[in-house]
Amino acid sequence: MGNEKKTSNSQDDVLRDLVAELKNLKECVGKTYDQNIVCSAICSLALTIEQRYPKLYTCVPTLIARIHTSFRPIEECQLEDTIRGCIDKLFRSLENKHGELFVARALGYVTVAKHGLSEFELEDILSCDDDVLNDVYQFWTPPIRRLPPLLIVRLRHDLNRYLVNRGDSGVQIMGWYHRQFWEAAQDRYTKDKDTCQRLHAGIADYFMGRWSGDVPKPYKDKHGESEAIRYVASQPIQLGNQMNERKLKSLPYHLAMSGNLPDLKKECLLNFDFLIHNLLCLHTQDLLDDFDLTISLFPGEQDLRSLSQAINLSAAALTQDPRQLPGHLLDRLEHIQGLQDLLTQCRQSPYPYLLCSHFLLKKPGGQLVRTLTGHNSVIDSLDLHQYPEGKLVALSASEGDNLIKTWDVHAGKELKSIPAMQSKICKAEFAVDGEIILQVYQDKIYGCNSGGDVKYTIVFPAISVTTAGPKQSNIVAISEKEFVLWDATTGSELKRKELPPKLKPDSLECISGSENFVAFTGEIMGYLCVYNVREDTFSRVVKMKDDEDINSMAITSDETHIIISKGLDNVVLVDIADLNEIRTLEALKHLQCIDKIYSLYGSMVVCNDKIVCISNETGSEVSSHFPHSISLVDVRTCDLKLFVTRSQDNILRVWDRARKDVQNKLPQQSNRIRKIMPMKNSRYALIRRQDKEQTTAIYEIYDLLKHGVIKRFALDTNVSEEVLLDDDDTLIVSTKNDKMKAISLETATIVSEFEGFLALSNEVRSINGGKEIVTQTRGRQSLKCFDTKTGKVTKIIQLSTSDKKYLVETFVASSDGQIIACVTEDETFLVCDAEKKRVIKTLRDKDIGKDVSDIGLEIDISRNGMYVIGSVQLKRPNVTTPFVWNKEEETCSILFDEEELKSYKQQGKSMNDLEMYNTKVIKDELLAVGYMDGAIRLWDLKLGKLHMKLSGHTDVLDLVMAPGGTFLMSYCDMEEENLMRIWDVDSWECVATYLHDK
């Protein structure tokens, strides 16, 4: 494509040579009347020219020469002086040969098509264009009203390589070889607005399937009005397992460009089936682009604007799993007018989805404008720059995925993704008025252009790095002994100075630069010093009052003061000339542990881990904005209107200060939920709340379908343990006076009190279908069983012997009550036969394996009592992993993934990721184990081997499953993820996910 950049003189020279050779050829063959000889000679010359001048401006005339006939006058064979003229002449030649209307429509459709068209698509579209068909069939009425496919084949042949094939969505589509062809075709065939809309409408009708199958299309020709079936291919969104990607990509665009808003809403943007398949097939940004185009063409459509904002706010969740769409839209848009039909479609989604009983998610139209998603790991660095033309660009870097990304903040689009030059990037920062991107590492600084190409490399063991000087034209870094200044444009060193003797920078220091000053700290942020760029001097080194360390700082926009956050909640104003503290900004004392401070246009922007505050530089006027539920780390702005924040996750959030916060407030509860117990009737759940004084236990029966409490009662006591029996009415509780009582949920009264007293730290288990209760004895040396109806002791299982005393720490029981397993205080694992009232197996660390150092408290048991599961601490690697004792074979197996360990060692990963966190026995056959690496590993209990590994999380997991249930829930509550997954335990398919704003 660079060939067209030749000078006009060289183009003219080549064209003159070409014309001269063609004239000579014409004169030489002018006397012969054999057309074959003439055509052969012309083609021979054309091939010679192509080999000698393989340029765009010679290839086009060559093509024109090929399609000229021998009997045409020499005047008609004149070549144009410019490439554009040659292309226009080629189009005229094609129109003369194939018909003006046919060529105009065929090339017009190809030109306006968003992603090009295949030959079959173009044939179907032209077969529905009655203007073309009337022109083609002027003298004949065909039995089937369709375009003869040979017309397209001939046109493509004459266009040769300038209409090329390329792959798109598994289809070979036609598109222009060169942009100059596209521009020429656009000006010639689509410049008229009505014509352009007609072309878009034709393509939209095709992808909408308006005239597909046996649907006849009306038309009018010289014989009058009629209708005919066009036998056009149908366009379902999905056929079997195959998505119609061509339709999903093209239909919204062409409906919007044709001005067909009703069909655009009905078929695409307010059609749940289209939205969900679009997200399943394409990227979330592709759908948002369709909304942006529509809103720009129809700015008054508030319903589309609200829906677009909602999808944007849910971009992270939808990118992770598009099936979350119905749950997110129902939460975010419940009270938005004009979208009720779409929400009805959401409720009828064929995909399972999770919906919170209270609306948790941010609403469109609020201060949160959009989210920028694309990183796969926590974002470690953020910078923001506004270019002179108004474009606002964010720069982010993540050590986890080793990527640097630039973002168009106003459009909400990723501009560029640049691989980091090496691992463990510290930060990425703009310099030289946005022309240079700095990649900062512990030992190197790379200066790159906006495309990521490295312009220079600085080798320096930097502790802290920033930019300073006019338009961030300098790079400043400090090491343990030196202060160095570089030119940010070239990377050349400007200054290198030894640091003042009193200043001893350590591994973590603060630094802040302005046009003429650089402020930095020493001895782990305990001392302050300022470098004057113009005078090339250091200030005196001062120690902060009250020995408080500096958390963050910023030089004011007028360069007269430094705003410093120090200690827990002190923000002070320091004179930059003598580094004396002028005053404390009392209005900011409510903000504890300020992470970042910036000064801009006489204002100060600060943030802690929860909120952003804006104030004047004196701190007298303070306003709070943008509350975060995820720990806030950094905030940037260029105009004090639009803000970008970075949190402890992989998302950048864009906020508009001028908007109002429309977030729904959750109903406030004075009593916190302490426990949720599923009931046998899965429609209901039993909830225990505790008052602040922990003197009253409040129980609620919650209707999960109607999202409301149907019964509530209180116990004037502090409950430590409880178990709900299978009758869904009897609740067994252990109270603060160490007694166990049975309570009827129906009457909310105590129906019986159990014999004896409980241990101070006790556990309660239900066995035999709720007929019996097991708990520790008062001294925790034995287990005792109670009849739940009478409250009488039915049996006592002795654990301790005359030789050995055991104190029960925790225990579990099989559902039939036959087998009870417990872990004692001295880390002994005991398995008991409840019927025989004795210990049948004693396991210590050496009995389980030679590499075992300790026995853990994680314990489980299969419902049939065949498999008893415990946890052990291994010596190498030093991780906790499960083990299983097989009752039938009396064998013990450690469940550890040795192959994964080898892989981790080869990749240099942390062995801690193989630490187990939670277990659930599935159908008495498998053990599901959640690990620190976010994986769920399924272990075959009989074989003691890994059955399957489930992926989808990135961090430590909780596993939740109702007894005998068919679904397993995994949940990671780390701020970086906050993801919930539902797994079908028969197929082990993830059937639903939920990622909330937190």
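1. Buried means under 20% relative accessible area, exposed over 50%, and partly exposed in between, with a 1.4 Å probe and protein chains only. By that cut-off, 7 of the 7 residues of strand 9 (residues 392–398) are buried, so the strand is mostly covered. Strands here are DSSP runs of E with at least two residues, and helices are runs of H or I with at least four residues, numbered from the N terminus.

2. This is a predicted model, in which local features need pLDDT of at least 70 and side-chain atom pairs count only at pLDDT 80 or more, while totals for chains, interfaces and linings use all residues. Residues are numbered from 1 along each chain as its sequence is written, and side-chain values use heavy atoms, with hydrogens and water left out.

3. The chain as a whole has 20 helices and 64 strands. Its C-alpha trace spans about 130 × 85 × 55 Å along the principal axes. Of the 998 residues, 53% are buried. With contact taken as heavy atoms within 4.5 Å, residues 24 or more positions apart account for 46% of the contacts with a separation of 6 or more.

4. The chain exposes about 45,800 Å², and carbon and sulfur atoms supply 48% of that area. Accessible areas come from the Shrake-Rupley method with a 1.4 Å probe; for residues, only the protein chains shown count as cover.

5. In a regular strand the side chains alternate between the two faces of the sheet. In strand 9, Leu392, Ala394, Ser396 and Ser398 point one way. Val393, Leu395 and Ala397 point the other way, and the residues of both sets are all buried.

6. Two strands pair if DSSP finds at least two bridges between them. Strand 9 runs antiparallel to strand 8 (residues 381–386), and 6 bridges join them. Asp383 has Leu395 of strand 9 as its bridge partner. There are 5 residues between the two strands of this hairpin, and Gly390 takes a positive phi near 100°.

7. Strand 9 also pairs with strand 10 (residues 403–408), again in the antiparallel sense over 6 bridges. Opposite Ser398 stands Leu403 in strand 10. This hairpin has 4 residues between its strands, and Asn402 has a positive phi near 60°.

8. Another open sheet has 4 strands in the order 36-37-38-39, with antiparallel pairing. Its edges are strand 36 (672–678) and strand 39 (708–715), each with a single partner strand, so one side of each is left without a neighbour in the sheet. The twist averages 25° from one strand to the next.

9. Strand 38 (residues 697–703) and strand 39 pair over 7 bridges in the antiparallel sense. Ile701 stands opposite Lys711, and Ile698 has Ala714 as its bridge partner. The two strands form a hairpin with 4 residues between them, and His707 in the turn has a positive phi of about 55°.

Terms used. Axes are lines fitted to C-alpha atoms, for helices over the stretch in contact, and angles run from 0 to 180 degrees between N-to-C directions.
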